[in-house]
Amino acid sequence: MPHALEIRGLQKVYANGFQALKGIDLEVAQGDFFALLGPNGAGKSTTIGVICSLINKTAGTVRVKGVDIDEDFPGAKRHLGVVPQEFNFNVFETVEDILIHQAGYYGIPLKTALERIDTYLTKLGLSEKRKTRARMLSGGMKRRLMIARALIHEPSVLILDEPTAGVDIEMRRSMYEFLREINEAGTTIILTTHYLEEAESLCRNIAIINHGEIVTNTSIKNLLRELHRETFILDAREPLPETIQVPGFEVSRVDEFCLEAQIEQGQDLAELMSRLHESGISIISMRNRENRLEQMFVSLLEQAS
Amino acid sequence: MSPYEQYIALLTLMRKEIRRYTRIWSQTLLPSAITMSLYFLIFGGLIGSRIGEMGGVSYMEFVVPGLIMMAIVTNSYANVVASFFGAKFNNSIEELLVSPTPNHIILLGFVSGGVSRGMLVAVIVTLVASLFVDLNIHSYAVVVAVVALTSVLFSLCGLINAVFANTFDDINIVPTFVLTPLTYLGGVFYSLELLPEFWATVSQANPLVYVVNAFRFGVLGVSDVSVGFAFGMIGAFTVVAYWYAAHLLRTGTRLRT
């Protein structure tokens, strides 16, 4: 079975001489939920731009479901749905017209297009906005409209470039649910995001790109397994003593009711709890101080540079 | 894309383009009717009555074909340049670029918008003209062929302008500084016979001369240039414009980075 996306030696040098991509290789399996992470200017959007033909590549090959974009770009485009970072529709058109036009560009007859519009607007909570001009939509609605537009030709690979930027938490969660649903139904999803917890909770595999190069490409589980040290914040039921000593663990007092514990790889969290209890400290809640993926992300970028 | 899918994509683009200019008809269709009424009134009625005959017909009859053609040229050009640049400006052109729609369908879609607006304006202006003068069409075949070819040619030119335009000012430069002067110097208001030999020869390089004279032949049966040669020139300009517009879309000039 061909990969949903296969990139080999992809390079992009802009007219001003800036090398945005330095020969990246990337494979995304069919049905995967894949995250492409990287700081601003790392090359994420350039990579997506090349895949969906908005940017001309300098060298390399891109295959979408085995179809080489140099040999059959229209064939490759059929498999792709793209949700760009910036709004790119005519704000004076209605939601329905934007979707009808996009369906038409893929050769989908009007009757089929209208049925699909019903389905996706309902799923994305935009049914009531069907006849509304796009400029009247909120930021979150505009983003959902772009998702509906990207799905109107029912692509097998959906690429989302920062889909939840500027979207409130409630809306973001419902969007996550929708993306999980279509992924479970078989659509491969490739996501770029700045919200690292988003990648951690949604995606199975991840590639980190920096300065136009892939720094790592692995499963999220593997990546997090490499994390050697985590910091936990523990909330105590009673006021804490001024100094806290827990043999075998690095623990420090943050304030009267809060302490911080460093857990090395291989250390047992239950043992820490047990020792704190023996010291007369009762813990009522606990949380990870930093997003684990964020720690890993920063550490990998530091290593790369 | 299969031929049927291409047909749907073309219909979609045509529908979109036609709805765009009909929705804002007061900005796209009405101005030509008003402007041409004033031309007919001033140049044809008031001034024309003192000029007498030109090219063997009354001055009013002489200017009508040129003015209709002027409306077709400016409207077909303006429609495509505004629509394509607008799509570039708000990035909605990306909807087309990421789709499998072939470049020739994109070209045909935008051009058909310009052609339909050019033809609709031609009908409106002809109706207005019929209030001022009795029009007896000399050759319907020539009239239809010239209108179709001309609106295709200037729609293509509008698209080329839109591809290179960076700002809304850029889409007005060519109509203001190139198209309008060429139209006025293309024999809309005078016969080339009135020009000194040198300027009459220079005028042969102006594509509007062939457009205006071929159309005038279709309407009145009189022309300053050979109609066959005029068709050949319009056709040649159209082929070159189509080839260049298709080349720009194929290479993604100013559309893809």
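**View 1. Fold of chain B****.** Chain B holds eleven helices and two strands. Helices (H or I, at least four residues) and strands (E, at least two) are DSSP runs, numbered from the N terminus. Along the sequence the order is α-α-α-β-β-α-α-α-α-α-α-α-α. The radius of gyration is 19 Å, close to the 18 Å of the globule rule for 257 residues, so chain B is as compact as a globular protein of that length. That radius is taken over C-alpha atoms; the rule is 2.2 Å times the number of residues to the power 0.38. Along the principal axes, the C-alpha atoms fill a box of roughly 60 × 35 × 35 Å.

**View 2. Interior and surface of chain B****.** Of the 257 residues, 53% are buried (under 20% relative accessible area, 1.4 Å probe, protein chains only).

**View 3. Domains of chain A****.** Domain 1 spans 5–88 + 155–224, and domain 2 spans 228–304. These bounds come from an automatic or database domain assignment. The C-alpha centres of the two domains of chain A lie 35 Å apart.

**Notes.** Residues are numbered from 1 along each chain as its sequence is written, and chains are lettered from A and ligands numbered from 1 in the order in which they are written. In this predicted model, local features need pLDDT of at least 70, side-chain atom pairs count only at pLDDT 80 or more, and totals for chains, interfaces and linings use all residues; side-chain values use heavy atoms, without hydrogens and water.

Notes: Buried < 20%, exposed > 50% of the residue type's maximum accessible area, 1.4 Å probe, protein only. Areas by Shrake-Rupley, 256 points an atom, 1.4 Å probe, with all protein chains shown as cover.
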